[in-house]
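Subject: Structure handover

Hello,

Here is the structure you are taking over, with its sequence. My notes on what was found in it follow below.

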Amino acid sequence: MIWHIAKRELYDNLHSLRFALTTILLLGLMLTNAVVHIKEHPIRTQKYNASVTESLNVLRDRANNLYELAREGPGLLHKKPSALHFCAEGGEPFLSDVVGGAFLWSTSSGLKGFWRLDYPSATPNLTNIRPNITKVDWVFIICYALSLIALLFTFDSISGEREHGTLRLMLANPIPRHTVLIGKFLGALISINIPFTLAVLMNLLVISMSTAVQLDGTAWGRLGIILFIAVLYISLFLALGLLVSARVSQSAVSLVTLLLIWVTFVIFVPSTLASITGGFSSPMSRDEFRKRRDELYSERWKRYDDYLFEVFEPSKIIQFKGKHVTEEAAEQERLSEEHLMQQVRQVKFARATTQISPAAISQHLFESLAGTGFERYLQFLENTKSYAQQFRAFIIDADRGDPESLHIIGIREGMSQKPVSSEAIPKFEDTLSLSKDFNTAAIELLLLGMFFIVLLSGAYLAFVRVEV
Amino acid sequence: MMMTLIRREILDNLMTFRFAAAVFIMLLLVVANTAVLIQDYERRLAGHNTAVKMHQRQLHEKKTYSAGMEKLLVDRPPNPLSILNAGFDKRLGNEVLASHGYVPSLWDANMHGSDNPFMDMFASMNIVFILEVVLSLLALIFAYDAFAGEYENGTLRLVLTHPIGRGYILFAKYIGAMLCLIVPLLISLLLAVILLMMSTSISLSTDDFLRIGGIIFASIAYLSVFYLIGLLISAATRRTSTALMLSMFVWGFLVLVYPNVILAMITRPDAWQAHTASTFNKIEQIWEEFDRERKHLLATDDFPGEDWGFELRGWGSRYAYLWGNPRSLLYTYESVMEFHGFGEKDEHKMPHAQNHFRFLGSEVISTADRTWLIRKPALENIYIQPANVKRTWLKLSPVGLYDATTQALAGTDLRGIRDFFDTARQYRQQVVDYLYDKEAFGSRQWFSSDKEAADWSGLSQFSFQRVNAITNAKRALPDVSLLLTINIALFILIFLIFVKSEV
C-alpha cells in the first residue's frame, strides 16, 4: 500500500511545474559547477606541482651543507588541492595554502637564527575588489537550493489534499495513517531524487570525462558518502515540510512558515550565530602576540649576554650558543602555535554552535569529506608539524653520521658542514586520510540523522492527531 | 472607490498570518544582527583608534627623517554605515604608507584590527543582505495570489462589475499591498537606527541620516520590484498554485542562483598577465635608470668609489635597496639611515652625504610620480575594469542592483574606499611639501640624530572625511533610476496583461 501511495505521489509530481523547473535549475547549477571545476582545477594542480618542484629544488640546493640546510629549513610546505574541490569550496581563499619558515635573524658576531615553523594566519586577499559571492559548489546547490526545493515539494502534500478534500477520501480506506505518511514521504523523496540524480550524473560525467581532473578510488568513495549525506539532508527537509504541512490547515500558511524556517536556519543561523558566539571568547590579540614575542626574544638575549659575561670557557660557550639558537627557535614556534590554537578554538566553538542548523552540519560534512575547508586546513598544519619533527630528527641523525662534527646543533662551528644526499632528506607530502576525516564527520552525521528522525516522527505525530 | 479598494486590500493583507510572520521574522533578524554588527563595528573602531595612536607614536619615536618614512602610515576609519551594507569596508586594506618613496594605492594597503582573521570565514551579515533575502521573499508571498486568488474565488469578476477602470484596480492593489509591506521594513529599519543611535561609539551626522533615508528609498523600490514580479506572475498564470511555484523558482533564480552562476561564468581575459608583466617591466626600467644615475653620482663626486652609505662609521643602522612587487606593479627605492652618533673621522663627509641625499630625495619623488602615471592606468585596466564588468553583469538581477545602490549610498562601495586612497595620495603630497619646506633631504637629520632630531611637529595629522551625502546620492543615481525604470516597465506590462485578460 505504501508503494501505491508513493507511486500516486510520484505521478502527481512528475507532471507538475515544480518538477520541470527543478530539473532545469539543478541541471544548470550542476553543469556550471562541473564546467568551472574542470577549468579551475588544472590551474590549482599546476600551481601546486610547480611550487612543490620549486621547494624540492630549494631543498636540493641547501643539501650542500648540513648546517645551512638545518638553519634555512626545507623551504615552503604546500597544501595539496583536493580533487573534490567542486563539492565544497570551504572558504579556501581565506586559508593559507602554504606554511613557511619564520624570518631568520642574524647578528654581527655571526650567530644566526634557526629555522622554525611559522604558522600562517588567515590570509584575506586585501586587493580582491570583485563582488563577493559564494561559489557554486555542491554545498551551495544542495544545502541552499535543494533544501528550498525540498520544502516546495512537500509544503502542500497534506494541507493541499485536505483543502481539496482528497485526504478525507484517502483516509476512508482502511489504511493506517503512518502508511499514508511514509508513502507520501517516499513519493516526494523519489520524485525529488530523479532530477537530483540526473544532475549529479551529468556533473560527474562532465568532470570524469575531462582529462584534466582525475578522480581515484577514494575520491569516488568520498563522493558516495557525500551523496548519501545529501539524500539524508533532503529527507530531513522533506520531513520538515510534511510536519508543517500536517499541522497547518492551509497550504499558503504552511509555505510561509516553511520559508521563514528555511531563511532562518539555512541562511542566517550559520553566520549570525557564529558571529554572536565568536564574541564570547577573545584570542590573544595581535599586539599581545607581538609583545610576548618580543619579550621572549629579549629575555633570551639577556640570558645569553649574562652567560657570556660570566663564562669564558670556549667549549661551554659553544654549547651554550647552540642551545641558545635552538631553544629560541623552539620557544618562538611554541608561541606561534599557541597563538594559532587560541584562534582555532574560537573558530571551533563558533562552528560548533552553528550545528543547530542542519545546513551548517551538512556543510561541515561536505567540507571534511571533500578535503577542503577549515578541518582540512588544521589537518594540513598537523602534517607540517609532524614533518618538522621528522626533518629535525633527520638533521640530528645526519649530523651524528659525520665524525668531524662536534654534534652541537644550532651553530656553524658545532655542526657538520658536509653535503647530504638530497634523496635522504625527508620530503613533505601533504596527505588526506579518509578514516581521519570520517571520524570527525561521524558525530555530525549522527546529529543529522537525529534531526531527520525527530522531524519524521514529529510529522507522524502531527499527522496522526490531525482531524480531517 | 479607489480608497475603498485600497482599504480592502490593506485589511485583507493585514489580518493574515503571513503579515504577522513577516513582521516577526524581520524584527528578529534585523535587531539580532544590528546588535552583533554594532559590536563588531565598535571592535573595529577601537582597533582603528589604537592603530592611529600607535602609528603616531612610532613616527615620533623616529629621530631621523629617512627612518620616519617607514612609519608614515595612515589609517582608514571604519564606516558606521557598514552596518547597513558592509560592502568593501571590512574586506579591503585599511592602512597604507604615505611616504615619499611611492604613490600609495589600494594595492599597497595593509589590514589592521582583526584579532582572529579566521572568524571572517563566516559570511558577514548586514542589514541590507537580510532585506535582500527576506523582503523579496515576502513581496512574492504577498503577490502570488493577488490576481490568481481572486480569479479562482470569483471575486475578481465581482470587482470588475463595478464601473471602475482596470488600471485603477491594479493601482489600488499595488498601493494597498505596498503599504502593508513597507510596515515591517520601516519598523525594522527604525529599530536598527535606534540601536545605532543608542551606541555611544557611533555618532550619526545629518549626512548619515540622509544616506539612511536614501537606503530606505532604495529598499522600497527593491521591494516594489519583487512585488511587481509576483503580480506579473499572478496575472499571467491565473492559478495560485502555479503562480506560487513559479514565484518561488523565480526568487531562487534571481536571489540565489543568478549572482553566483554569472560570476562563475565570467572569467578574466587571459591577456592580463602579459599586460601586468610588460607594465612592471616598464616601471622597473624607470627605476633602474634612477639607480644608474644614483650610481653615477656616487662614482663621479668628490669621493669616488664609496658605497651608498659613505662608509660612515657610527652607532645606528642603515639599509637601502630597490624592491618591487610584480603583482601590484609597485617598485621603489627604500633607503633608511638611523644614526645617533659618528666617529670623528666621518665629520668631513657630512656635507657631501647631505648633498647626496638631497639629490636622492627629489629624484625618488619625481621617479615615484613618473611611475605612478604608468601604474595608475595599468591598475585600472588590470584590476578595476574586470571587477566592474562583473559588477555590471550582477546588476541584471534586482538583487545586484539593490546591493550596488545601497553600497554607493552607504559609501562602502569601491569608490568610497578609493576616496580614502585619494586622500592618502593628497596627504603624501603634503608630506613631500613638508619635507621640502624643512629641507629635510639635505639636512643632517635625514640620516642622523646626533646633532638634532627630526622634527615631526609641523606635519599635519592625516584625517579622512567621507564624501558628502549628495555625492553618494549622485553615485547611486544610475542604479536607483534603473530600479525605478524596472518598476515602471513591470507595472506597464502587468497593466497590459490585466487589461487584455478575460475574466
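**The hairpin in chain B**

In chain B, strands S3(B) and S4(B) make a hairpin, with four residues between them, and B:Leu329 in the turn has a positive phi of about 60°. Please keep in mind that this is a predicted model.

As an example of how they line up, B:Trp323 stands opposite B:Thr332 in S4(B). S3(B) spans residues 314–325 and S4(B) spans residues 330–342, with B:Leu329 in the loop between them.

Is B:Leu329 buried or exposed? B:Leu329 has 26 other C-beta atoms within 10 Å, and the cut-off for a buried residue is 20 or more, so B:Leu329 counts as buried. How many of the 12 residues of S3(B) are buried? The number is zero, so S3(B) lies largely in the open.

A:His407 is in the loop between helix H13 (373–400) and helix H14 (434–465) of chain A. A:His407 has 13 other C-beta atoms within 10 Å.

**Confidence**

For the model as a whole, the scores are ipTM 0.83 and pTM 0.88. The average pLDDT of chain B is 87, and 96% of its residues score at least 70. Within chain B, confidence is lowest in helix H6 (residues 155–160), where the mean is 80. Confidence in chain B is highest in helix H8 (residues 206–237), at 94.

**Chain A overall**

Chain A contains 14 helices and three strands. Why is chain A described as more spread out than a compact globule? Its radius of gyration is 29 Å, whereas the globule rule gives 23 Å for 468 residues; the value for chain A is well over that, so the chain is more spread out than a compact globule. Along the principal axes, the C-alpha atoms of chain A fill a box of roughly 105 × 50 × 40 Å.

Of the 468 residues of chain A, 44% count as buried. Take the contacts in chain A between residues at least 6 apart in sequence: 84% of these join residues at least 24 apart.

The strands of chain A pair as follows. Strand S1 (residues 77–78) and strand S2 (residues 98–101) of chain A run antiparallel and are joined by two bridges. In this pair, A:Leu77 stands opposite A:Val99 in S2(A). S2(A) is also joined by two bridges to strand S3 (residues 117–118) of chain A, and these two strands run antiparallel. Here A:Gly101 has A:Leu117 in S3(A) as its bridge partner.

**The two domains of chain A**

Chain A is divided into domain 1 (2–31 + 140–278) and domain 2 (66–134 + 282–448). The C-alpha centres of domain 1 and domain 2 of chain A lie 44 Å apart. The contact between these domains takes 26 residues from domain 1 of chain A and 25 residues from domain 2 of chain A.

On the side of domain 1 that touches domain 2, the elements that give two or more residues are H4, helix H8 (217–247) and H9 of chain A. H8(A) provides the largest share of that side, 11 residues. By class, the residues on this side of domain 1 divide into 19 nonpolar, six polar and one charged.

**Where the chains meet**

Regards

How values were computed. Residues are numbered from 1 along each chain as its sequence is written. Chains are lettered from A and ligands numbered from 1 in the order in which they are written. This is a predicted model: local features need pLDDT of at least 70, side-chain atom pairs count only at pLDDT 80 or more; totals for chains, interfaces and linings use all residues. pLDDT is the predictor's confidence in each residue, from 0 to 100. Two strands pair if DSSP finds at least two bridges between them. The radius of gyration is taken over C-alpha atoms; the globule rule is 2.2 Å times the number of residues to the power 0.38. Two residues are in contact if their C-beta atoms, placed from the backbone, lie within 7 Å. Domain bounds come from an automatic or database domain assignment. Ala, Val, Leu, Ile, Met, Phe, Trp, Tyr, Cys and Pro count as nonpolar, Asp, Glu, Lys and Arg as charged, and the others, Gly among them, as polar.
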